[in-house]
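Welcome to a short tour, one selection at a time. Please have your viewer ready and follow along.

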Amino acid sequence: MARKLLFGAALPFLLLSTVAAQPDPKFGMEFEFAGKGNRIVQFENMPFENYQKLMRAIVSHYGGDPSTIKRVDFMKGTSNLEKFPTGERPLFRAEWKDPKGRTWLIEPEFVASTGMDGYELVTPPLEDSKELRGILDKIEATGLVRQGRRSGVHLTIDGTKLIGPNGDARGLSNLILMHENAEPMLRRMFNPVRGGGHANYFARSIAVDHEGLLKEIDALPPEERTKDKLESLFNARNGKEMALHEANPMDPNSMNKLWKYRSMNLAKALNVNPLHSSPVPLVEFRMFDLASPETHELQSKLYRRMI
């Protein structure tokens, strides 16, 4: 046990001090902000001008043309059938394409109430962790946002090299075991308090509920660490996942939660939830609270190097 703790404590230093043999994978981040000042609780009262103002902060960072900011109307599933009998809720977001052709989004988000009162910044795939600092500083300077009790940050990383073309998932297996072993240290390092820490309903550690799964993965010989084998081990525990999230097979919104609401979400890397899919394997890390730009830069560097 002492050996494991020593490894965990040294992990950030080892990862960040090691020169990568190849470039770190691309990544994207989502930042959830609560409204500030004259906060608008119900989305139906939200002016698009707020979204434009936030997006203009990003446009100015890249020296772009604010007139190219687009409003995009869309529908999103909801369980509030009393208010939205069709099961879909009309929403809008702001989109902007930067000089590199990358699309940035400002979307509605639940942060301080159930009324889509907050904003979510969704970055395009990025290659440089340093790119985040100036953008987050400018977003904060708009005066429209603040950190809310449920302001979370999600980091999604390209996991292509974790699974070989023949289904060899030794890389993904090693990541799962390394992350879950080191996560108590990572939580102490970044100190998330949103939702009760490690038991956060939206970012629970796999180890909290599925210690047996981790033991089975650890016991697999290298030649059996395949994508198919990992999927069978995860899917064998879908019943426990459903019970945890009180999921109903007749309610797609509730089934959406299975394996997604983990501090390490593998639902787009493995076929463990049919409601999630991706043309390339993606790994999402969900435990972070909204913090300083420097903290989020460090998170993106550390976790990309981990993969």
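Start with N191, which sits in the loop between α4 and α5 (206-209); helices (H or I, at least four residues) and strands (E, at least two) are DSSP runs, numbered from the N terminus. This is a predicted model, in which local features need pLDDT of at least 70 and side-chain atom pairs count only at pLDDT 80 or more, while totals for chains, interfaces and linings use all residues. Residues are numbered from 1 along each chain as its sequence is written, and side-chain values use heavy atoms, with hydrogens and water left out.

Look at the backbone of N191: its phi is positive, about 50 degrees, although the residue is not a glycine. Is N191 buried or exposed? With 52% relative accessibility, N191 counts as exposed (buried means under 20% relative accessible area, exposed over 50%, partly exposed in between, with a 1.4 Å probe and protein chains only).

Now select E246, in the loop between α8 (238-244) and α9 (252-255). E246 is not a glycine either, yet has a positive phi of about 50 degrees, and at 69% relative accessibility E246 is exposed.

Next, the aromatic rings. The structure holds 15 aromatic pairs. Rings of Phe, Tyr and Trp (its six-membered ring) pair if their centres lie within 6.5 Å; planes under 30 degrees apart count as stacked, over 60 as edge-to-face and the rest as tilted. Select F43 and Y51: this pair is edge-to-face, with 6.5 Å centre to centre and 90 degrees between the planes. Both residues, F43 and Y51, are buried.

Then move to F190 and F288, an edge-to-face pair with 5.8 Å between centres and 80 degrees between the planes. F190 belongs to helix α4 (residues 170-190) and F288 to strand β9 (residues 282-289), so the pair ties together parts that are 98 residues apart in sequence. F190 is buried at a relative accessible area of 15%, and F288 is buried at 1%.

To see a cluster, select F43, F48, Y51, F92 and Y119, which form one aromatic cluster. After that, show R93 and F74: R93 lies over the face of F74, 4.6 Å from the ring centre (a charge sits over a ring if NZ of Lys or CZ of Arg is within 6 Å of the ring centre and within 35 degrees of the ring normal).

Finish by colouring by pLDDT, the predictor's confidence in each residue, from 0 to 100. The chain averages 89, and 90% of the residues score at least 70. Over residues 1-8 the pLDDT is below 50, and this stretch has four contacts in the model beyond near neighbours in sequence (contact means heavy atoms within 4.5 Å). Where pLDDT is low, the predicted coordinates should not be read in detail.
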